[in-house]
Amino acid sequence: MPKWNFINGLDKQVIEVVNPRWVSALEVALTSQATPDQSRYHVNAGGATKEGNAIPGSNHEMAKTDTITHGEEAVIAAALEKFGREDPIEVIAFAGLGGGEIASPCGNCRDAIKKYTDPKKLVIINAPRGGGTAVLVPGDT
């Protein structure tokens, strides 16, 4: 399993104390099954709930500009379905080919995050699939 070192995306400082849910969300993101048939841009996402439940999610496309769902939406919807509103997502993580930058969810995904999570308790992580530097930012940034 890959190993990640975490940094604060806002000030680039190393985060010494790592929450196990962060690692869990990244590990489950590696199991997600994206189907980006048009863009070829895999959004392998994972989430961890307040209670520590991990859930994968990914993007799925059906035509040039149409998606069934984005990674963030898939994670949130799966958590709602499986755990309900009582155990909300508090970590959304992306494990991709790049990493090293602050993740930037699209407008629809930001709306879903705002509606179904508590952005003050949420962290969003972007990290390379193979390990390395994981960039973390608070959800209310």
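In this predicted model, the buried residues of helix H1 are covered by parts that include strand E1 (4-8), strand E2 (44-49), strand E3 (54-58), strand E6 (89-96), strand E7 (123-128) and strand E8 (132-138). Helix H1 itself spans residues 20-29, and Arg21, Trp22, Ala25, Leu26, Val28 and Ala29 are its buried residues. These residues lie on the same side of H1, because the arc they cover around the axis is only 165 degrees. In general, an α-helix has 3.6 residues a turn, so residues three or four places apart point the same way.

The largest nonpolar core comprises 17 residues, of which Trp4, Phe6, Trp22, Leu26, Val91, Ile125 and Ala134 touch the most other members. At least two residues of this core come from each of E1, H1, E6, E7 and E8, and H1 provides the largest share, 4 residues. Leaving aside residues up to four places away in sequence, Trp22 touches Phe6, Ile15, Val17, Val91, Val123, Ile125 and Leu136. Another core, of 15 residues, lies apart from it and includes Ala45, Ile55, Ala79 and Leu122.

Arg21 also takes part in a salt bridge with Glu90, in which the closest N and O atoms are 3.1 Å apart. Since Glu90 belongs to strand E6 and Arg21 to helix H1, the pair ties together parts that are 69 residues apart in sequence. Glu90 counts as buried because its relative accessibility is 11%, under the limit of 20%.

How values were computed:
Residues numbered from 1 in each chain as written. Predicted model: local features only at pLDDT ≥ 70, side-chain atom pairs only at ≥ 80, totals over all residues. Heavy atoms only, no water. Buried < 20%, exposed > 50% of the residue type's maximum accessible area, 1.4 Å probe, protein only. Arc of directions from axis to C-beta. Contact = heavy atoms within 4.5 Å. Core = buried A, V, L, I, M, F, W, Y, C linked by side-chain atoms within 4.5 Å. Salt bridge = Lys/Arg side-chain N within 4 Å of Asp/Glu carboxyl O.
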